[in-house]
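Open the model in your viewer and keep the selection tool at hand. The stops follow below.

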Amino acid sequence: MAKRLISMDILRGWAILLMVIFHVFLNVSDLVPVAVSDPFSLGLGKLILVVFISIFIHWQSLFLMISATVHWFTMSRMHENGQKLVKIFLKQLIFGIALYVFGFLREPLLSPWGITADWFRTGGFFADGTWSWDKWTFIYRAETLSNIGFSIVITAIIFTLFTLLKREKLQILIKVGILAIFAAVFIFVAPIVQNWVSNYAGVNLQETEAYVISGLDTNNGYYNRWLLNSLAGREFPIFPNYGYFLIGCIFGLLLSQPNPSKKMLLYTSLVGVVLTLGGFAYWALLDMKLYDFGTGTFNLGNIDLGFHVHPTGFVLFSIGLQMMIISIALRMYEFNHKLLRENRQSLMLRLSRWIRRWGVFALTIFVFNIFEIIPRGIFTIIYPAVDYRNIYQTSLGWTLIMVGLVVLMWEGIIRLICLLKGYTSVEFVFLVLFKFGKKPMKKDPLNLQGNLREVEPILFVSR
């Protein structure tokens, strides 16, 4: 039996499931180029769908907030249970660095726009595709995994410093304030850092991939591009995205205090509402400049749904909305008195097991999301009237069909991984690394029995 934050497991499952769904849309739907160039030419129904997907396709940031909440809470529990602070720090440091390096290694071969994806679009193993190493430089591109790894390292340092100070010298509200200030710095200073990095590199790192693909020697770019792209490059740099992670740390900090109160969810929800509304206004008026205060006219042609690096207003909007979602999830599970009843708890665990299974193997699904090319290629052979190999050419109806097939494929894969005790997962690889040479349990190395079936939910309520 394993103690789990059930809300985080469920949210992680939904986040990875929606990532799979939205990436199918992004890779095949003919709505994508229209949404970027002229969204108002779509009908109202398709426009609403496009706006919805355009917002949530950028929500890899939710993974950061969930990861931060769990990591901070886990580090606190480990320290409370007597583990030495230096050992906790070293574990997080090794895990963070490994994830950072692994995240960059994934990009050229396994990203949906890398070498393998290009080979598939030219035919793949279905039609003698052309293999080209042109996109090996994607190894320099900052993405979600490398960002999470970098964030874990920085957060481990902050947690260690907080813990070394006595409780009476650094109360909970002061810690929350420090984390919030750090988050604000990373969010609002991001445009300045992005501008400096682009000037130094000699090319706009946020709008083009020129620095990734060519010009290796620009300002010694071959040697510093990992750092520059990590800081402020395309797609998912530390500035401003570490802000998401720090807000997740605040949730982890609040949950780690003795007897956390349900009242805190009211405050986090209210802050979420303010950030959502304020962030949307900032995004619309200052980032996209949809309203000209001088002339009093609207400039709806400035709507940009195809951005890569998150604008400041979008970051604030997303953080606010994600704070509300996490607060609601915590209220539904960890702070739910009804789950003290054994029959309610067992029913909840049984009904949520399928989505928690997606959450357990979220890293495997993210790394190998490119597997979606398999059903796309097979279905193209079976029904050649629709060519799923080419991007942005599939109608909405056929896109929905492919969404269903890809989801079913992954449901089958993760169930097969469970039958194989998790040995074929990326999670197992990191488990071996994280054990510091100790052998994991042979029969159930990922403790799937405890994490999926015989789960003990962590509850912050009492009878």
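Helices here are DSSP runs (H or I, at least four residues), as strands are (E, at least two), numbered from the N terminus. This is a predicted model: local features need pLDDT of at least 70, side-chain atom pairs count only at pLDDT 80 or more, and totals for chains, interfaces and linings use all residues. Residues are numbered from 1 along each chain as its sequence is written, and side-chain values use heavy atoms, with hydrogens and water left out.

**Stop one.** Select residues 190-201. This is helix H9, and Ser198 lies in it. Is Ser198 buried or exposed? Ser198 counts as buried because its relative accessibility is 11%; buried means under 20% relative accessible area, exposed over 50%, partly exposed in between (1.4 Å probe, protein chains only). Now show its contacts (heavy atoms within 4.5 Å). Leaving out residues up to four places away in sequence, Ser198 touches Val203, Asn204, Leu205 and Gln206.

**Stop two.** Jump to Ile378. Its C-alpha atom is separated by 42 Å from that of Ser198, 180 residues apart along the chain. Ile378 sits in helix H17, residues 373-382. At 40% relative accessibility, Ile378 is partly exposed.

**Stop three.** Select the cysteines Cys249 and Cys418. Cys249 is buried, at 0% relative accessible area. Cys418 is buried too, at 10% relative accessibility. How many disulfides does the model hold? A disulfide is a pair of cysteine sulfur atoms within 2.5 Å. By this rule the count is zero.
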